[in-house]
Amino acid sequence: MLFDTHAHLNATQYSEDVEEVIKRAEHEGVCNIVVVGFDRPTIARAIELAEQYDFIYAAVGWHPVDAIDMTGEDLYMLEQLAAHPKVVALGEMGLDYYWDKSPKDVQKDVFRKQIALARKVKLPIIIHNREATADILTILQEENAQEVGGIMHCFTGSVEVAKQCIAMNFYISFGGPVTFKNAKKPKEVAKEIPLEHLLIETDCPYLTPHPFRGKRNEPSYVKYVAEAIAELKGISVEEVARQTTENAKKLFGINR
């Protein structure tokens with residue numbers, strides 16, 4: 001029973017065969033998927049998929065790369081959607097200093113507003129971090145994000161940073177990179193951090209795990225992430241699947 005905590009089945013890459021992709025995930029033992037929306041079109045599609053499939057849930061938020069496009073109306077939309085029975089988190093949100101579409105001050109403002117909203121509606125948050133670790137940790141602390149907690153999505157930081165995040169009530173989530181031979185930091189963190197603080201994800205259609213690296217990713221491949229963590233920890237894949245699924249359901253408030 002695997003739980004893909006971060007998938008983008010709302011991406012155009014699945015416009016032709018999303019039903020087949022979902023069936024393959026079920027066949028491989030994926031019991032739940034959270035589809036993450038990060039702008040108006042992807043949010044609408046995430047909600048649509050969550051309403052269509054019993055075991056699919058949605059997260060809604062505003063991506064830092066597109067922070068400059070977010071309006072007050074968009075923030076209000078997120079607040080309204082937070083009440084939807086299939087919406088289990090706000091995000092993805094955060095900071096991205098790799099792309100320069102949105103100025104850093106705008107990204108920070110949008111990030112802070114979404115954390116404040118999450119505290120208001122009492123939902124966990126999903127954090128996108130690219131080359132912005134120090135600022136993200138500072139903002140999480142200043143905005144009291146530990147009240148709601150959440151996920152450090154596709155974590156690539158150090159063991160030390162992982163421990164700081166856990167202390168703030170965040171789970172550490174691993175995707176395809178933990179399966180890459182040269183991924184030193186993710187492997188160190190996966191080995192060091194107790195399973196009770198870990199989640200697994202695909203971030204599909206991106207970051208496809210070995211041995212399919214370079215091809216389109218999909219939720220059925222989350223098993224390769226679980227296998228990599230099991231090998232690093234010297235435990236069974238079943239134990240990784242059981243505990244990470246339990247962690248995800250606890251975080252998202254899913255009781256079935």
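1. Start at E131. This residue is exposed, because its relative accessible area is 57% and the cut-off for exposed is over 50%. E131 sits in the loop between β5 and α5. Its phi is near 60°, a positive value in a residue other than glycine. Keep in mind that this is a predicted model.

2. N144 also has a positive phi, near 55°, and is likewise not a glycine. Look for N144 in the loop between α5 and β6. Buried, exposed or partly exposed? N144 is partly exposed, with a relative accessible area of 30%.

3. Now the sheet. How many strands form it, and in what order? There are 8, and they form an open sheet in the order β1-β2-β3-β4-β5-β6-β7-β8. The pairing is parallel. Strands of a sheet pair through backbone hydrogen bonds, either parallel or antiparallel.

4. Which strands stand at the edges of the sheet? They are β1 (2-7) and β8 (198-200). Each has a single partner strand, so one side of each is left without a neighbour in the sheet. Neighbouring strands are turned by 30° against each other on average, direction ignored.

5. Take the pair β1 and β2 as an example. Strand β2 covers residues 30-37 and runs parallel to β1. The two are joined by 4 bridges.

6. Helix α4 (residues 104-121) lies across β4 (87-96) and β5 (125-130). Its direction is at about 160° to β4. Helix α5 (residues 133-142) touches β4, β5, β6 (150-152) and β7 (170-174). The direction of α5 makes about 150° with that of β5.

7. Next, the annotated site. An unreviewed UniProt entry places the feature "binding site" at H6, H8, E92 and D203. These residues span 198 residues in sequence. Yet no two of their C-alpha atoms are more than 11.0 Å apart, so they gather at one spot. The lining of the largest pocket takes in H8, E92 and D203 from this set.

8. H8 is in the loop between β1 and α1 (18-27). Its relative accessible area is 4%, so H8 is buried. Leaving out residues up to four places away in sequence, H8 touches Y14, V36, F38, E92, D203, C204, P205 and Y206. Two of the annotated residues, E92 and D203, are on that list.

9. D203 lies in the loop between β8 and α8 (222-233). Its relative accessibility is 9%, so D203 counts as buried. Which residues does D203 touch, not counting those up to four places away in sequence? They are H6, H8 and H153.

10. Check the backbone here too. A cis peptide bond joins G91 and E92, with omega about 15°. E92 is found in strand β4. Another cis peptide bond runs from C204 to P205, with omega near 15°. P205 lies in the loop between β8 and α8.

11. The largest nonpolar core has 76 residues. Which of them touch the most other members? They are L9, I56, I125, L140 and I172. The largest share of this core, 6 residues, comes from α8.

12. L140 shows how such a residue is surrounded. Its contacts are F111, I115, I125, I127, A145, Q146, M152, M168 and F170, not counting residues up to four places away in sequence. I125 is on that list, and I125 is also among the residues with the most contacts to other core members. A second, separate core has 15 residues, including V36, A59, L199 and I254.

13. Finish at helix α6 (residues 159-167), where E160 is found. At 59% relative accessibility, E160 counts as exposed. E160 and V189 are 29 residues apart along the chain. Their C-alpha atoms are separated by 8.8 Å.

Note on methods:
Residues are numbered from 1 along each chain as its sequence is written. This is a predicted model: local features need pLDDT of at least 70, side-chain atom pairs count only at pLDDT 80 or more; totals for chains, interfaces and linings use all residues. Side-chain values use heavy atoms; hydrogens and water are left out. Two strands pair if DSSP finds at least two bridges between them. Axes are lines fitted to C-alpha atoms, for helices over the stretch in contact, and angles run from 0 to 180 degrees between N-to-C directions. Contact means heavy atoms within 4.5 Å. UniProt positions are given in the numbering used here, feature names are shortened, and annotations may be inferred rather than shown by experiment. On a 1 Å grid over the protein atoms alone, a cavity is a set of points where a 1.4 Å probe fits but cannot get out, and a pocket is an open set with protein on both sides within 12 Å along at least five of seven lines; lining residues have an atom within 4 Å of a point. Buried means under 20% relative accessible area, exposed over 50%, partly exposed in between (1.4 Å probe, protein chains only). A nonpolar core is a set of buried Ala, Val, Leu, Ile, Met, Phe, Trp, Tyr and Cys residues joined through side-chain atoms within 4.5 Å.
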